[in-house]
Amino acid sequence: MDWIFIILAAASGLLFTAGDVFLKYWAVKSNPYHMAVAFVFYIIAGIVLAFSFKRKEIAVAVAVLICFNLVTVAILGFTLFKETLGLKEIIGLTLAIFAIIILNI
């Protein structure tokens, strides 16, 4: 397992998640500061993702990034914004976690 790739993909996913959270704050509060910060996070996340392409194929790298992003956004949506997760969403997130594991075996 390529741990450097996992770290890069996870970092990129977390940075995208930070951008998503700031966009949610912007949607709720309409503060342009939140949108600007979100774009900064997205740019940095894209740079980190580009470095992960040096270690894995683009399809695998993006799939792992998206899975990390989905799981972290769901957790933060639940904890920060009191959004609910149904059984279908929990099953989907569980499958995403298994996808990350399978893609990196």
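The model is predicted: local features need pLDDT of at least 70, side-chain atom pairs count only at pLDDT 80 or more, and totals for chains, interfaces and linings use all residues. Residues are numbered from 1 along each chain as its sequence is written, and side-chain values use heavy atoms, with hydrogens and water left out.

Q: How is helix 1 oriented relative to helix 2?
A: Helices here are DSSP runs (H or I, at least four residues), numbered from the N terminus. Axes are lines fitted to C-alpha atoms over the stretch in contact, and angles run from 0 to 180 degrees between N-to-C directions. Helix 1 (residues 3-29) and helix 2 (residues 32-52) pack at about 165°, with axes 8 Å apart. Angles under 35 degrees count as roughly parallel, over 145 as roughly antiparallel, 65 to 115 as roughly perpendicular and the rest as oblique, so helix 1 to helix 2 is roughly antiparallel.

Q: Which residue classes make up the contact of helix 1 with helix 2, and how many of each?
A: Helix 1 passes helix 2 in a left-handed crossing (left-handed if the near helix is turned anticlockwise from the far one by less than a right angle, right-handed if clockwise). Ala, Val, Leu, Ile, Met, Phe, Trp, Tyr, Cys and Pro count as nonpolar, Asp, Glu, Lys and Arg as charged, and the others, Gly among them, as polar. The contact divides into 21 nonpolar, five polar and two charged residues.

Q: Is helix 1 oblique or roughly parallel to helix 3?
A: The two helices pack at an angle of about 45°, with their axes 8 Å apart. That angle makes helix 1 to helix 3 oblique.

Q: Which residues of helix 3 meet helix 1?
A: Helix 1 passes helix 3 in a right-handed crossing. By class, their contact has 15 nonpolar, five polar and one charged residues. The helix 1 side includes Phe5, Ala9, Asp20, Val21 and Tyr25. From helix 3 come Val60, Ala61, Val64, Leu65, Phe68, Asn69, Thr72, Val73, Leu76 and Leu80.

Q: How many nonpolar residues are in the contact of helix 3 with helix 4?
A: The axes of helix 3 (residues 58-80) and helix 4 (residues 87-103) come within 9 Å and cross at roughly 145°. The crossing is left-handed. Among the contact residues are Val60, Phe68 and Val71 of helix 3, and Leu93, Ile97 and Leu103 of helix 4. No polar and no charged residues take part; the nonpolar count is 14.

Q: How far apart in space are valine 21 and histidine 34, C-alpha to C-alpha?
A: Valine 21 is in helix 1 and is buried at 12% relative accessibility. Beyond four places in sequence, valine 21 contacts Leu76, Leu80 and Phe81. Valine 21 and histidine 34 are 13 residues apart in sequence, and in space 8.9 Å.

Q: What is the phi of serine 30?
A: Most residues other than glycine have a negative phi. Serine 30 sits in the loop between helix 1 and helix 2 and is exposed, with a relative accessible area of 57%. Serine 30 is not a glycine, yet its phi is positive, at about 55°.

Q: Is lysine 82 buried or exposed?
A: Lysine 82 is in the loop between helix 3 and helix 4. Its phi is positive, near 60°. At 65% relative accessibility, lysine 82 counts as exposed.

Terms used
Contact means heavy atoms within 4.5 Å. Buried means under 20% relative accessible area, exposed over 50%, partly exposed in between (1.4 Å probe, protein chains only).
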